[in-house]
Amino acid sequence: MYLPKQVTIIEVGPRDGLQNEDKIVETDVKVAFIKALKQAGIQEMELTSFVSPKWVPQMKDAEEVATKCLKDGGKNFILTPNKKGVERLYQTDCKNAVVFVGVSSTFNIKNINKSTSESMKELKPLIAELKEKGYFVRAGISTAFYCPYEGKTDSEDTINLCKEFTNYGVDELIVADTIGMANPKDVYYLFQRLQKEIPKNILISGHFHDTRGMALANILAALQAGIDRFDSSAGGLGGCPFAVGASGNVATEDVVYMLHEMGIDTGINLLKLKQAIDVVKPQISRELDSENYKLL
């Protein structure tokens, strides 16, 4: 069994995790949550999202959160899904952007009212501009395995979209099981293909939801395909406001526990990670169902 010696966890709880919460989490709590996550050893993190507060009210304090958290070290990312988001990013000290497009056009239209091809056409000059200005760009490939509206995604479509983003000059691809329907066989196949067909200078990350309890198994399959970067969300927070029924992102503590038990280093302290989750838990509207959070 191939296993890497070290894995990088990209914490997405403060952004992807909280965006689906009905109850607005106080800004000071978000900031304390982020700072505690960094103290637990998280080196890369999505802080917030520059989206319209009309559509995602939870992110209405994005600038304030970014301002208060960017100086604490680590590699900080902000989601910038369109031109307005990128323009807001330029007003901060953050040099790392996240963009995304769904392989499924139906999902993309439901999400941002644009088809996949229309979204890519809009993003092309934005990515070029970001790269010209020296920014690091992560590109999220949503519905890489399944779409809530179109069903199973053709792996060739996912690979072609990844290649298109690569041609645009992005630094990293985030291959996302947006609704948590992937299985280890398909995960291994897709990531093995990407490892062969995407240039080695492009980072590739896995992003799994645990809707059907398959996230850890899928991460193991991705590990064996050579992937050593994964998004996760402390406490298993999250979901997708445009994918009804999708559960939260795989819990960071579950991923870290599994990796540590297999002798893979993450640099993350599990006890401090639980303490970080405790900061935000009182303002979360649902019960946290992560087994390792309960046991820590």
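Me: How many disulfides does a search of the whole structure find?
Reply: Keep in mind that this is a predicted model. A disulfide is a covalent bond between the sulfur atoms of two cysteines. Searching the whole structure for such pairs gives a disulfide count of zero.

Me: Is Cys147 buried or exposed?
Reply: The cut-off for buried is under 20% relative accessible area. Cys147 comes in at 4%. So Cys147 counts as buried.

Me: OK, on to charges. How many salt bridges does the structure hold?
Reply: Side chains of opposite charge can pair when their charged atoms come close. For the structure, the number of salt bridges is 20.

Me: What is the sequence separation of the parts tied together by Asp61 and Lys30?
Reply: The two side chains meet in a salt bridge at 2.9 Å, N to O. Asp61 is in the loop between strand E2 and helix H3, while Lys30 belongs to helix H2, so the pair ties together parts whose separation in sequence is 31 residues.

Me: Where does Asp171, the partner of Lys131, lie?
Reply: Lys131 lies in helix H6, and the pair ties together parts 40 residues apart in sequence, because Asp171 lies in the loop between helix H7 and strand E8.

Me: Which helix holds the salt-bridge partner of Arg193?
Reply: Arg193 pairs with Glu156 at 2.8 Å, N to O. Arg193 lies in helix H8, and the parts tied together are 37 residues apart in sequence. The helix holding Glu156 is H7.

Me: And what is the relative accessible area of Glu156?
Reply: Arg193 is buried, at 17%. Glu156 is partly exposed, with a relative accessible area of 32%.

Me: Which residues are linked with Arg15 in a network of salt bridges?
Reply: Here the linking goes through a network of salt bridges. Linked with Arg15 are Asp16, Glu44, Glu46, Arg138, Glu172, Arg229 and Asp231.

Note on methods: Residues are numbered from 1 along each chain as its sequence is written. This is a predicted model: local features need pLDDT of at least 70, side-chain atom pairs count only at pLDDT 80 or more; totals for chains, interfaces and linings use all residues. Side-chain values use heavy atoms; hydrogens and water are left out. A salt bridge is a side-chain nitrogen of Lys or Arg within 4 Å of a carboxyl oxygen of Asp or Glu. Helices (H or I, at least four residues) and strands (E, at least two) are DSSP runs, numbered from the N terminus. Buried means under 20% relative accessible area, exposed over 50%, partly exposed in between (1.4 Å probe, protein chains only). A disulfide is a pair of cysteine sulfur atoms within 2.5 Å.
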